[in-house]
Amino acid sequence: MAIQGPIPVTYTMVFPHGCYIVGEVEPVKDFDASSNGRFVQSRDKQTGELVWQVAVMDGDPTLKPAQKTVAVKILAPVQPVPPQAMPGLPFTPVEFDGIAITPYVNATGRLAYSIKVREMHAPRQTTQPTQSKAPAGKDAA
């Protein structure tokens with residue numbers, strides 16, 4: 001099989017309705033290396049980068065409440081800084097770049113996905129192109 005390791009995907013494939021930060025960016029603990037109260041931060045197996053984690057809420061209105069919040073792991077040499085909060089919004093919108101997912105079977109025997117990203121930033125502003133129409137019944141000259 002040609003696919004080896006995490007599968008690269010786009011932000012809109014994972015979060016077509018956007019997503020929002022609902023937690024702090026925290027280091028991920030390496031449970032095998034940590035012992036006796038000594039914390040060791042996890043490193044990504046493929047890149048060796050430090051692994052950080054942030055909880056985000058998926059903006060998809062069709063998801064059940066238990067499915068809305070997911071952990072996103074961020075690979076970065078230093079702790080990533082979330083985008084600035086937006087006035088009037090209860091949660092901070094966020095986008096990610098360099099996304100890869102790894103499917104796995106969770107403890108309940110269901111298919112789940114681990115989401116790893118390379119960058120976190122504020123959503124990009126997109127503008128919709130305006131369409132000009134010729135007046136009804138008139139030919140454009």
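Student: How many bridges join strand E5 to strand E8?
Tutor: In this predicted model, strand E5 covers residues 69-75 and strand E8 covers residues 111-117. The two strands run parallel, and one of the residue pairings is that of Lys73 with Lys116 in E8. The number of bridges that join E5 to E8 is three.

Student: Which residue in E8 is the bridge partner of Ala100?
Tutor: Strand E7, which spans residues 99-105, pairs with E8 in the antiparallel sense, and six bridges are found between these two strands. The bridge partner of Ala100 lies in E8, and a residue of E8 is also the bridge partner of Lys73. For Ala100, that partner is Lys116.

Student: What is the phi of Gly109 in the hairpin of E7 and E8?
Tutor: The hairpin of E7 and E8 has five residues between the strands. Within this hairpin, Gly109 takes a phi that is positive, and its value is near 85°.

Student: Which residue stands opposite Ile21 in E4?
Tutor: Strand E2, made of residues 19-21, pairs with E4 in the antiparallel sense over three bridges. E3 is also joined to E4, by two bridges and again in an antiparallel run, and there Glu26 stands opposite Gln53. For Ile21, the residue opposite in E4 is Val56.

Student: Which residue in E5 is the bridge partner of Ala55?
Tutor: E4 pairs with E5 as well, in the antiparallel sense and over seven bridges. Within E5, the bridge partner of Ala55 is Ala71.

Student: Is Leu75 buried or exposed?
Tutor: Leu75 is found in strand E5, and, leaving aside neighbours within four places in sequence, it is in contact with residues including Asp44, Leu50, Val51 and Val117. The C-alpha atoms of Leu75 and Arg43 are separated by 8.2 Å, although these two residues are 32 residues apart along the chain. Because the relative accessible area of Leu75 is 7% and a value under 20% is the cut-off for this class, Leu75 counts as buried.

Student: Which residue has the backbone nitrogen that the side chain of Asp44 reaches at 2.9 Å?
Tutor: Asp44 lies in the loop between E3 and E4, and at 6% relative accessibility it counts as buried. Once its neighbours within four places in sequence are left aside, Asp44 is in contact with Glu49, Val51, Leu75 and Lys116. The backbone nitrogen that its side chain reaches at 2.9 Å belongs to Thr47.

Student: Is Asn36 buried or exposed?
Tutor: Asn36 is placed in the loop between strand E3, residues 26-27, and strand E4, residues 51-58. Its phi is near 50°, which is a positive value in a residue other than glycine, and most residues other than glycine have a negative phi. Because the relative accessible area of Asn36 is 82% and the cut-off for this class is over 50%, Asn36 is exposed.

Student: How many degrees lie between the planes of Tyr11 and Phe15?
Tutor: The count of aromatic pairs comes to one. Tyr11 and Phe15 form a tilted aromatic pair, with a distance of 5.7 Å from centre to centre. Tyr11 is buried, and so is Phe15. The angle between the planes of Tyr11 and Phe15 is 45°.

Student: How many strands does the protein chain have?
Tutor: Read along the sequence, the protein chain follows the pattern β-α-β-β-β-α-β-β-β-β-β. Two helices are found in the protein chain, and the number of strands is nine.

Student: What percentage of the residues in the protein chain is buried?
Tutor: The protein chain exposes about 10300 Å², and carbon and sulfur atoms supply 55% of this area. Of the 141 residues in the protein chain, the buried ones make up 29%.

Notes:
Residues are numbered from 1 along each chain as its sequence is written. This is a predicted model: local features need pLDDT of at least 70, side-chain atom pairs count only at pLDDT 80 or more; totals for chains, interfaces and linings use all residues. Side-chain values use heavy atoms; hydrogens and water are left out. Rings of Phe, Tyr and Trp (its six-membered ring) pair if their centres lie within 6.5 Å; planes under 30 degrees apart count as stacked, over 60 as edge-to-face and the rest as tilted. Buried means under 20% relative accessible area, exposed over 50%, partly exposed in between (1.4 Å probe, protein chains only). Helices (H or I, at least four residues) and strands (E, at least two) are DSSP runs, numbered from the N terminus. Accessible areas come from the Shrake-Rupley method with a 1.4 Å probe; for residues, only the protein chains shown count as cover. Two strands pair if DSSP finds at least two bridges between them. A polar contact is a pair of N or O atoms within 3.5 Å; within protein, one must be able to donate a hydrogen and the other to accept it, and residues adjacent in sequence count only if both atoms are side-chain atoms. Contact means heavy atoms within 4.5 Å.
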